[in-house]
Amino acid sequence: MGNTIQVIKQKTIARIAQRRSKTASVLAVRTWEPEGMIEVDVHLPDTDMSRWTNAQHIDIAVAEGVYRDYTPFGWDAGTATCTLLIETGHNGAGTRWAQKLQPGDSFSYLGVGATSHRPAAGAPLVFLGDESSIAHFLALRQLAAQSQSISGAIAFTHASHRELFHTCCYELQNICPVSKTGSNGTAALLEWAAAQSFNSDTVFYLAGQVQAVLRLRQWLKAKGYSGSGQVKAQGFWK
């Protein structure tokens, strides 16, 4: 009975979403080796990117009645193009969808919406997260002033992805790639943070796995950094 209700619910959602959805096209697909990260260049002809001041999320249909949010970065408002970076290290609907994408494909999305994260003006910024946070941090880097101080660390599962990171994401040259170790993969992130001397006005952006984000926020609070104005958290997955 439960499965039947779930199927009916998904089909109902799909019918409603179909009336509201927009269409995007895939321009290029690049896979990091080994598999686990996929870059997708897309064209969103119905999306106005010229007024983006916050990191955004695109609500994409990855299966019938199933939607996943992905962060666009490297956008060009003139051509209505941007890139998605999808973490595919687990077996889920979003992973299966991303692994099948080919240039020339089209897909449906409900729309693009703003997250609560925007770069704090004039303050040093620190980014802390896992592989799923890379696109989010690239979007914040694009929105921040070019002269703004940005540092941080990102935890990776694969050593080869750590090596590829600065080549594929050269905009984040001051972000340190570390190994994903310890509870919720936070040990290396906490070790990196503990070795730093942060300014009192530093603003921290935490993103990625929910429990890891909570652990990082607790650590920062214990160090005297607190409040939504100084520690900005965004959990992406459980």
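1. Ile 134 is in contact with Trp 32, Met 37, Leu 85, Ile 154, Phe 156, Phe 165, Cys 169 and Leu 172, when residues up to four places away in sequence are not counted. The structure discussed here is a predicted model.

2. Ile 134 also belongs to the largest nonpolar core, which has 48 residues. Helix 3 (residues 134–143) supplies the largest share of the core, 6 residues.

3. The model contains an open sheet of 5 strands with parallel pairing, in the order 10-9-8-11-12. Its edges are formed by strand 10 (175–179) and strand 12 (231–237). Each of these has a single partner strand, so one side of each is left without a neighbour in the sheet. From one strand to the next, the twist averages 10°.

4. Within the sheet, strand 8 (residues 125–130) and strand 11 (residues 203–209) run parallel and are joined by 5 bridges. Leu 128 has Leu 206 of strand 11 as its bridge partner.

5. Two helices may be described with reference to these strands. Helix 3 lies across strand 8, strand 9 (150–156), strand 11 and strand 12, and runs at about 160° to strand 8. Helix 4 (residues 159–168) packs on the sheet, where it touches strand 9 and strand 10. The direction of helix 4 makes about 170° with that of strand 10.

6. Ile 38 is located in strand 2. Is this residue, at 5% relative accessibility, buried or exposed? Ile 38 counts as buried, because 5% is under the 20% limit. The C-alpha atoms of Ile 38 and Ile 86 are separated by 5.2 Å, although the two residues are 48 residues apart along the chain. Beyond its neighbours within four places in sequence, Ile 38 has contacts that include Val 29, Leu 84, Leu 85, Ile 86 and Ala 98.

7. Thr 47 lies in the loop between strand 2 (37–43) and strand 3 (56–63). With a relative accessible area of 12%, Thr 47 is buried. Its side chain makes a polar contact with the side chain of Tyr 109 (2.9 Å). Apart from residues up to four places away in sequence, Thr 47 touches Trp 52, Ala 80, Tyr 109 and Val 112.

Note on methods:
Residues numbered from 1 in each chain as written. Predicted model: local features only at pLDDT ≥ 70, side-chain atom pairs only at ≥ 80, totals over all residues. Heavy atoms only, no water. Helix = DSSP H or I, 4+ residues; strand = E, 2+ residues; numbered from the N terminus. Buried < 20%, exposed > 50% of the residue type's maximum accessible area, 1.4 Å probe, protein only. Polar contact = N/O pair within 3.5 Å; in protein donor to acceptor, adjacent residues only side chain to side chain. Contact = heavy atoms within 4.5 Å. Core = buried A, V, L, I, M, F, W, Y, C linked by side-chain atoms within 4.5 Å. Pairing = 2+ DSSP bridges. Axes fitted to C-alpha atoms, helices over the stretch in contact; angles between N-to-C directions.
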